[in-house]
Amino acid sequence: MAIAIYPGSFDPITKGHLDIIERASKIFDKLIIGVLNNKQKTPMFSADERVAMIKKVITHLKNVEVSSFEGLLIDFAHMKKANVIVRGLRAITDFEYELQLSQTNKVMAADIETVFFTTNLKYSYLSSSMVKEIANFRGDISPFVNEEIAQEIKNKFRKVEQNGIKNS
Ligand code: PNS
């Protein structure tokens with residue numbers, strides 16, 4: 001059974017991520033989306049929030065599950081009995097980092113292969129940070145994220161604004 005991990009920050013999940021999830025779910029028996037809970041960073045959404053948001057947009061994919069992880073990706077992969085790591089490649093700018101990541105993981109865990117999916121042309125420019133920036137300036141994010149996710153982002157900004165007003 002080929003079990004793959006699709007790891008990332010997913011802060012938030014975009015249509016580009018979802019496209020890769022849908023394609024990878026057709027190739028592997030089971031796909032586990034691994035949401036990195038990086039205590040050194042301050043994401044917009046907590047790991048639990050990101051997991052909950054992802055669950056909302058993968059209900060149609062029966063062999064896909066999602067959970068958060070801390071620490072090394074290869075340890076998470078071994079714990080989940082996964083032998084493949086899936087990553088998306090948008091442009092050449094992604095390549096250097098992805099090569100370094102996959103080769104480092106290969107040295108640490110020779111039993112795990114990294115497989116790259118070239119991002120759908122429709123989403124090759126897309127990133128979570130861009131989505132957050134557009135949302136921050138009240139731009140329309142509907143081309144980039146699913147409706148459920150757009151709503152969560154709007155709610156988050158509303159909460160931040162309300163807290164800001166309360167604190168001032
Ligand atoms: O969506 P991202 O932020 O590009 O995902 C990066 C991710 C989560 C794949 C990477 O940071 C990761 O695997 N982090 C866990 C720690 C680890 O195993 N690092 C690789 C060896 S240095």
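Author: Let's start with L31, which stands opposite V64 in β3. Strands here are DSSP runs of E with at least two residues, helices are runs of H or I with at least four, and both are numbered from the N terminus. Before going on, a word on the source: this is a predicted model, where local features need pLDDT of at least 70 and side-chain atom pairs count only at pLDDT 80 or more, while totals for chains, interfaces and linings use all residues. Residues are numbered from 1 along each chain as its sequence is written, and side-chain values use heavy atoms, with hydrogens and water left out.

Back to the strands. β2 and β3 run parallel and are joined by six bridges; two strands pair if DSSP finds at least two bridges between them. β2 also pairs with β1, again in the parallel sense and over six bridges, and there A4 stands opposite L31. To get from β1 to β2 the chain passes through α1, in a right-handed β-α-β crossover. Right-handed here means that, with the strands pointing away from the viewer, the path from the first strand over the helix to the second runs clockwise. β2, α2 and β3 make a right-handed β-α-β unit as well.

How covered is β2? Five of its seven residues are buried, meaning under 20% relative accessible area with a 1.4 Å probe and protein chains only (exposed is over 50%, partly exposed in between). As a general point, side chains in a regular strand alternate between the two faces of the sheet.

L31 also turns up among the contacts of I21, which touches Y6, I13, L31, I33, I58, L61 and V64, leaving out residues up to four places away in sequence. Contact means heavy atoms within 4.5 Å. I21 belongs to the largest nonpolar core, which has 36 residues; I21, I58, V86 and I153 touch the most other members. A nonpolar core is a set of buried Ala, Val, Leu, Ile, Met, Phe, Trp, Tyr and Cys residues joined through side-chain atoms within 4.5 Å. The elements giving two or more residues to this core include β1 (3–8), α1 (15–27), β2 (30–36), α2 (47–57) and β3 (64–69). Apart from it lies another core of twelve residues, among them I3, F69, A77 and A82.

Leaving out residues up to four places away in sequence, D19 touches N120 and Y123.

The loop between β1 and α1 deserves a look of its own. P12 is found there, and a cis peptide bond joins it to D11, with omega about 5 degrees. F10 lies in this loop as well and has a positive phi of about 50 degrees although it is not a glycine. Most residues other than glycine have a negative phi, and most peptide bonds are trans. F10 is buried, with a relative accessible area of 3%. K81 also has a positive phi, about 60 degrees, and is not a glycine either. But K81 is exposed, at 67% relative accessible area, in the loop between α3 (73–79) and β4.

That brings us to β4, which runs parallel to β5 (residues 113–118), with six bridges joining them. L89 stands opposite T118 in β5. Together with α4 (residues 92–108), these two strands make a right-handed β-α-β unit.

Now zoom out. The protein has six helices and five strands, in the order β-α-β-α-β-α-β-α-β-α-α along the sequence. Of its 168 residues, 43% count as buried. Among contacts between residues at least 6 apart in sequence, 75% join residues at least 24 apart. The C-alpha trace spans about 55 × 35 × 30 Å along its principal axes.
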